[in-house]
Amino acid sequence: MDSQKDEEVPMRLHSAVEYLLSCHSDQLCSIVLSPDPKLHYPLLVDYAELMDADPPLARLVFACPTHYLRFFDQAAILAHKRVLKDMASHEKGVEKKFIHVRFNVCGSPLECPETFPSIGRVRVKHRGVLLTLKGTVIRSGAVKMYEGRRTYQCKKCKHMFPVYPELETRNSITLPSICPSQRSNPCEGTKFQCVENTIVCHDYQEIKIQESTQVLDVGVIPRSILVILQDDLVDIVKAGDDVIVTGILTAKWSPDLKDVRCDLDPVLIANHVRRTNELRLDIDIPDDVTMQFKQFWSDFRYTPLRGRNAILQGICPQVFGLFTVKLAVALTLIGGVQHVDASGTKIRGESHLLLVGDPGTGKSQFLKFAAKLSNRSVITTGLGSTSAGLTVTAVKDGGEWMLEAGALVLADGGLCCIDEFDSMREHDRATIHEAMEQQTISVAKAGLVTTLSTRTIVFGATNPKGHYDPDQPLSVNTALSGPLLSRFDIVLVLLDTKNPEWDAVVSSHILAEGESKKGNQGEGLANIWPLPILRRYIDYVKKHFKPVLTKEAEKVISSYYQLQRRSATNNAARTTVRMLESLIRLAQAHARLMFRNEVTRLDAITAILCIESSMTISAIVDSIGNALHSNFTENPDQECILSSFPL
């Protein structure tokens with residue numbers, strides 16, 4: 001049996017070399033032409049292509065990855081030597097010692113639930129096969145060096161053989177009991193010596209990935225697993241990145257701690273790491289959906305505000321009315337265009353929204369719905385959030401300090417919803433100042449000084465402090481500091497005033513909800529937009545539209561800002577230069593919502609209406625500036641302020 005296996009290995013090696021030469025000769029040539037012989041080079045192979053070309057070899061890679069991944073690395077070295085030999089004389093090729101074949105399982109049968117489970121469902125049966133896991137990096141350790149191979153020589157017959165340290169037993173080397181030389185008369189030597197200058201070292205990094213909270217049920221604790229990155233894979237991911245890791249599941253002894261039982265912890269030794277931050281795999285926009293969007297706006301080209309309202313009615317449809325809030329949620333999620341000037345100073349494109357309201361006004365409903373609309377979101381409550389949980393935590397692991405990402409870092413490029421904003425402690429609230437305006441978090445903890453990126457939309461909800469007094473400024477009513485309030489683009493006040501007509505309309509809407517569950521939804525997008533279409537629409541307009549302000553819009557925004565600065569006696573916390581930036585962002589977001597690439601006067605006025613709603617004592621939107629009773633109008637285009645002016 002053993003002799004048959006030995007004959008099989010060279011044959012398999014030959015087929016692997018032939019496959020690499022036929023399908024990946026371009027990569028091999030570029031590796032040969034690279035100048036540094038000591039670097040570790042990756043050779044990317046699609047597992048689906050290998051399955052088409054050589055199914056038995058692909059099955060062996062899946063079933064015995066520990067042996068066959070190392071075996072493919074040998075095949076890559078042999079293939080690159082053959083490429084080097086066949087090169088033209090004028091091309092300078094350099095022989096490399098370290099080439100690692102990296103298998104990408106995307107689009108292959110290995111993406112089935114058996115070999116692509118969630119981290120919480122990893123079991124013993126997954127050990128020893130090629131496994132793929134998806135998660136968010138919550139911790140990345142320092143890059144270390146470890147011994148990967150050492151050559152020993154038998155003192156009796158002088159036979160030389162390699163020994164590989166085991167990662168599972170903290171890199172300890174286990175020597176064979178007798179000489180492994182396979183000759184006709186066995187040597188049976190038991191004494192070996194290490195051959196000098198044969199130790200091969202590798203780069204080594206440990207990261208921790210946690211399953212995404214969006215795919216979990218309520219009450220399920222997100223599980224995490226340790227991932228070991230080696231050689232060319234180190235330092236390619238950072239905390240907060242979404243990754244898909246393919247590798248071999250094994251077990252590692254937990255560190256020795258006094259009076260603590262020593263356990264086996266599951267560890268994934270990575271073969272291939274793919275970042276999905278840029279891919280946004282969960283939102284794909286087919287061409288027919290894009291055509292639907294364009295057709296929708298061509299149908300509403302003469303009544304664009306009615307088209308906009310049709311989109312807004314799809315936001316949180318279970319809540320009746322609240323037009324201003326739904327508009328604010330849409331504008332916040334879409335956001336403006338980030339501006340970078342010549343000196344490199346960035347002005348953020350993300351908007352922030354704060355809902356201040358009495359109990360039962362639907363604040364948490366909007367928070368939950370906004371989290372569903374965003375393709376990356378983290379929901380947290382103020383009472384259960386500390387400054388370390390929101391920003392970053394310093395954790396000691398195995399005698400070494402590491403940084404573990406908090407909610408704002410994990411929501412980078414997405415949305416962070418903070419409910420019960422008022423119940424956060426004052427110094428915890430102060431930590432998000434930098435994250436909201438500069439979009440970074442600077443950390444100096446346990447000797448680790450770093451800056452992390454937080455390009456996050458912050459969506460807060462809070463109750464007023466006691467009974468809301470319209471005569472007092474917002475900072476008194478909410479007990480939030482002026483610097484924090486000035487960072488929110490829109491602050492909407494939802495007051496539960498006793499209005500009999502409004503109560504009658506709302507109660508009939510809630511009772512009708514139960515009856516119309518099986519009512520007709522209607523074809524096309526003229527009725528209420530479903531959630532998947534809304535998500536795609538928001539993603540599409542953010543990608544494809546970069547609106548520019550027109551002269552008329554600039555004039556309107558400038559005039560309004562100057563007017564507010566002159567009369568900023570009661571609300572000085574809100575009327576800062578940040579308000580001007582907020583107006584520009586909201587106007588750009590409204591232009592995107594209206595499927596346009598230029599900011600018109602209408603967009604500027606809508607942005608002003610949103611800001612006016614947050615002034616709380618405005619006469620423009622409602623008699624007392626209450627966004628709760630703002631309903632959708634029947635003919636918004638006829639009622640528009642601009643309809644009486646020639647455009």
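**Definitions put to work**

Modeller: Strand E4 (residues 144–154) and strand E5 run antiparallel, with four bridges joining them.

Biologist: What makes E4 and E5 a pair?

Modeller: Two strands pair if DSSP finds at least two bridges between them, and here there are four, so E4 and E5 qualify. The strands themselves are DSSP runs of E with at least two residues, helices are runs of H or I with at least four, and both are numbered from the N terminus. Before we go on: this is a predicted model, where local features need pLDDT of at least 70 and side-chain atom pairs count only at pLDDT 80 or more, while totals for chains, interfaces and linings use all residues. Residues are numbered from 1 along each chain as its sequence is written, and side-chain values use heavy atoms, leaving out hydrogens and water.

Biologist: Fine. Which residue stands opposite Met160 in E5, and where in the hairpin is there a positive phi?

Modeller: Gln153 stands opposite Met160. Five residues lie between the strands of the hairpin, and Lys158 takes the positive phi, near 65°.

Biologist: Why is Cys154 called buried, but Cys23 partly exposed?

Modeller: Buried means under 20% relative accessible area, exposed means over 50%, and partly exposed is in between (1.4 Å probe, protein chains only). Cys154 has 1%, so it is buried; Cys23 has 40%, so it lands in the partly exposed range.

Biologist: How do you know that the length of helix H17 fits?

Modeller: The expected span is 1.5 Å times one less than the number of residues. H17 (residues 531–544) has 14 residues and should span 20 Å; its end C-alpha atoms are 20 Å apart, so the two agree. H8, with 12 residues, reaches 17 Å, close to the 16 Å expected.

Biologist: What makes H8 largely enclosed?

Modeller: 12 of its 12 residues are buried, so the rest of the structure largely encloses H8. Just after H8, Gly335 takes a positive phi of about 70°.

Biologist: What do the buried residues of H17 pack against?

Modeller: H8 (323–334) is one of the helices there, and others include H6 (287–299) and H19 (577–593). Buried residues of H17 include Tyr537 and Tyr540, and both of these tyrosines belong to a cluster linked by ring pairs, with Phe293 and Trp297 among its other members.

Biologist: The structure holds 18 aromatic pairs. Why is the one between Tyr68 and Phe71 called edge-to-face?

Modeller: Rings of Phe, Tyr and Trp (its six-membered ring) pair if their centres lie within 6.5 Å; planes under 30 degrees apart count as stacked, over 60 as edge-to-face and the rest as tilted. Tyr68 and Phe71 have 5.0 Å centre to centre and 75° between the planes, so they pair, edge-to-face. They lie three residues apart in helix H5 (residues 65–86), about one turn of the helix.

Biologist: Are Tyr68 and Phe71 buried or exposed?

Modeller: Buried: Tyr68 has 8% relative accessibility and Phe71 has 3%.

Definitions and conventions:
Contact = heavy atoms within 4.5 Å.
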